[in-house]
Amino acid sequence: MSFILGQLYLQVHQRDSAMDQFREVISNKPDPMMDFQSRLQIAKINAQKDGGLAKSQESLRHMLKKERFSHFRDAILYTMGTLEYPKDPEAALGYMQKSLKVASTNTVQRMLTYKGIADIYYDQRQYLDAKKYYDSTAGVMTPDFADAEIVNTRKTVLADVDAKVAIIH
C-alpha cells in the first residue's frame with residue numbers, strides 16, 4: 001500500500017511525502033523487487049534536488065554491489081544513465097552500455113536501454129549511431145510498447161539518412 005501511495009504522491013508532485021512512503025516500504029523488508037523499485041524511486045527523487053545527483057548515484061552504486069539486487073544490475077545501470085542525462089551524455093551512454101553488457105533475460109529492460117541510447121544519439125544528432133540502436137530497439141520491442149510508433153518512425157527515417165550518407169561517401 002505504501003508503494004502505491006508513494007507513486008500517487010509523485011503524480012501530484014509531493015516528493016517529500018512520496019519519499020516517506022518509499023522509505024516505509026523499505027523498512028517493512030519487502031521482497032527484493034519491491035525493495036529495488038522503492039530504492040530506485042528514492043534515487044530519482046534525490047537526483048532532482050540540488051546536489052542530489054551524486055547522492056543518488058552513490059546509493060545506486062551501493063545497490064550494484066549487493067547480492068540481493070544482482071538480478072537488477074542492468075536496470076540499476078540504466079537508471080544511473082537516465083539520471084546523468086542530459087547533463088552528461090557521455091556518462092549516460094557509458095552506464096547504458098554497461099547495462100547492455102549485463103547478462104540478463106529481461107528483454108523489457110534491454111528494450112528500454114537500447115531506446116535510451118538511441119534517444120541520446122538522436123538528440124546529439126549522431127543519426128547513424130541512433131539508427132543502430134533504434135534498429136535494436138525494434139528488434140526486441142513488444143507491439144504494446146508505448147513508444148513503438150516513435151521507434152518505428154525514427155528507424156525508417158534514419159535508414160533513409162543512412163542510405164543517402166552511403167551514396168555520398
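Apart from neighbours within four places in sequence, Thr113 is in contact (heavy atoms within 4.5 Å) with Tyr78, Met96, Ser99 and Leu100. Thr113 counts as buried because its relative accessibility is 1%; buried means under 20% relative accessible area, exposed over 50% and partly exposed in between, with a 1.4 Å probe and protein chains only. The residue lies in helix H7. Helices (H or I, at least four residues) and strands (E, at least two) are DSSP runs, numbered from the N terminus.

This is a predicted model, in which local features need pLDDT of at least 70 and side-chain atom pairs count only at pLDDT 80 or more, while totals for chains, interfaces and linings use all residues. Residues are numbered from 1 along each chain as its sequence is written, and side-chain values use heavy atoms, with hydrogens and water left out.

Helix H7 (residues 107–123) packs with helix H8 (residues 127–140) at an angle of about 160 degrees, and their axes are 8 Å apart. H7 is therefore roughly antiparallel to H8. Axes are lines fitted to C-alpha atoms, for helices over the stretch in contact, and angles run from 0 to 180 degrees between N-to-C directions; those under 35 degrees count as roughly parallel, over 145 as roughly antiparallel, 65 to 115 as roughly perpendicular and the rest as oblique. The crossing of H7 and H8 is left-handed, a term for a near helix turned anticlockwise from the far one by less than a right angle, with clockwise being right-handed. On the H7 side the contact includes Met111, Tyr114 and Ile117, and on the H8 side it includes Ala130, Tyr133 and Val140. By class, this contact of H7 with H8 has eleven nonpolar, three polar and three charged residues. Ala, Val, Leu, Ile, Met, Phe, Trp, Tyr, Cys and Pro count as nonpolar, Asp, Glu, Lys and Arg as charged, and the others, Gly among them, as polar.

Two of the contacts of Thr113, Tyr78 and Met96, also belong to the packing of H5 with H6. Helix H5 (residues 73–84) and helix H6 (residues 89–101) meet at about 170 degrees, with axes 7 Å apart, so H5 is roughly antiparallel to H6. Leu77 and Met80 are among the H5 residues involved, and Ala92 and Tyr95 among those of H6. The contact of H5 with H6 divides into seven nonpolar, three polar and three charged residues.

Helix H2 (residues 15–27) and helix H3 (residues 32–47) cross at roughly 155 degrees, their axes coming within 9 Å. H2 is therefore roughly antiparallel to H3.
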